[in-house]
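This briefing goes through one protein structure by topic. Please keep the sequence and the 3D view open while reading.

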Amino acid sequence: MKTAFHTGRGVLLALAASLLVACGSDEAPQSAAAPGGRALPPVTTEVLTVKRQDIPLQKSYSSLLRSDDEVTLVARVTGVLETRQFEQGDWVEQGDLLYTIEPELYQARVNERAADLKSAQAELDRARRDAERYQQLLSRNSVSRQQVDQAEAEQSVAQARVAQAEAALASARIDLNYTQVKAPVAGMVGLSQINLGNLVNAGSELVTITPLDPLEVRFQLPQRDAFELRKQLAAGGTDIRDIRASLQLAGNNGTQSLTLQGQMDFLGSRVDESTSTVQASARFENPDAQVLPGQFVRVSIEGLKRFNVIAVPEIAVTQGLMGPQVFVIDEEGKARAQAVQLGEIAGEWQIILEGLEEGVQVVSGDPSGIKPGTPIQAAAADEAAEEANAE
């Protein structure tokens, strides 16, 4: 019985040793593996070496078209609206006669003021002759000094009445001119606000004239865009009017979109506290009246850039557990997920604010199928990226 016990114990010890050897062989270190224990196959994709660069922006800003020279005519005198010299919706030229407002009444006032002026001038002539005669009599001691002073005072009063009459006549002539309402600008005339025969008062709106060429858009630039634009102007030594702009009018109901070229003509010098934006404007030639004031458009500034930034192709950015990420290539040539903080999108490029440094290699092609630990085989890496940058 003792011999049988020792024999069974030896068998158990041998089985335990064999199990320990088997377990030790499974603990050998492994690299990233595909399902089933196989190593991940290498992926051939584009690789970019990160470096700082100037990235052109492709941004647009919403706005409404407006006619900066649009004028609403108002009556400057009171009277009956006697004539209208245009058809509503017509094109009128600068200086064209549009309305007449009871000119006979104001012509009569001009005649009255002219007569008052002649009377005042006659009175001045009499006072001047009296003053000269009294001066001669004073030299012969025929009149007193007081009488001479009185004559000279009457001459001064007569001179003031002449000046007053001249001012009244000039005012009457101005009112007479206001009875002829003329177009101050060339443009398309709108609907008349008052019908013929009605009494109009000074300040009554008559009609609006809208020039259609050029047109203006006023839009709000985010303050960073405005600062970068000022930096660009300072670096190039150029004026704001050298900055080109394009206007995009989206087509509706199957109509084609329309693009017009123009130039910026204003960039504000202060930031609006409520919106953190800076006002800007641009002008666009519109000789064929292809667009009209009040239409909604998108305005793009050509040549606007972000300077000295790090950027990767937008396709290289994926969403990981910790947020946005890109795949960088480690020393072993394998992909490693790197969390990044995103900035603006500039065309096909995504600006990176934090997470990448110059000299790091990043997967710049399609990251689908790439996992952390995937071996990366670069394909036309930096050469393809540099060609894209040049474009």
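What is the bridge partner of Q341 in strand 23? In strand 23, Q341 is paired with E354.

The model is predicted: local features need pLDDT of at least 70, side-chain atom pairs count only at pLDDT 80 or more, and totals for chains, interfaces and linings use all residues. Residues are numbered from 1 along each chain as its sequence is written, and side-chain values use heavy atoms, with hydrogens and water left out.

**Chain overview**

- The protein chain has five helices and 25 strands, taken as DSSP runs numbered from the N terminus (helices H or I, at least four residues; strands E, at least two).
- Of its 391 residues, 33% count as buried (under 20% relative accessible area, with exposed over 50% and partly exposed in between; 1.4 Å probe, protein chains only).
- Among contacts (heavy atoms within 4.5 Å) between residues at least 6 apart in sequence, 74% join residues at least 24 apart.

- Strand 22 (residues 341–346) runs antiparallel to strand 23 and is joined to it by four bridges; two strands pair if DSSP finds at least two bridges between them.
- The hairpin of strand 22 and strand 23 has two residues between the strands, and G347 there takes a positive phi near 70°.
- Strand 23 (residues 349–354) also pairs with strand 18 (residues 305–313), in the antiparallel sense and over four bridges.
- In that pairing, P313 stands opposite W349.

- An open sheet with antiparallel pairing has the strand order 5-12-10-7.
- Its edge strands, each pairing on one side only, are strand 5 (71–74) and strand 7 (91–92).
- Strand 5 is joined to strand 12 (residues 205–210) by four bridges, and V74 stands opposite E205.

**Nonpolar cores**

- The largest nonpolar core has 34 residues, and V217, F219, L221, L229 and M264 have the most contacts inside it; such a core is a set of buried Ala, Val, Leu, Ile, Met, Phe, Trp, Tyr and Cys residues joined through side-chain atoms within 4.5 Å.
- Another core of 30 residues lies apart from it, with A75, A127, I194 and V200 among its members.
- Beyond four places in sequence, the contacts of L221 include Y61, L229, L267, V278 and I301.

**E216**

- E216 lies in strand 13 (residues 215–222) and counts as buried because its relative accessibility is 4%.
- Beyond four places in sequence, E216 touches L64, L65, R66, D68, D265, S281 and A282.
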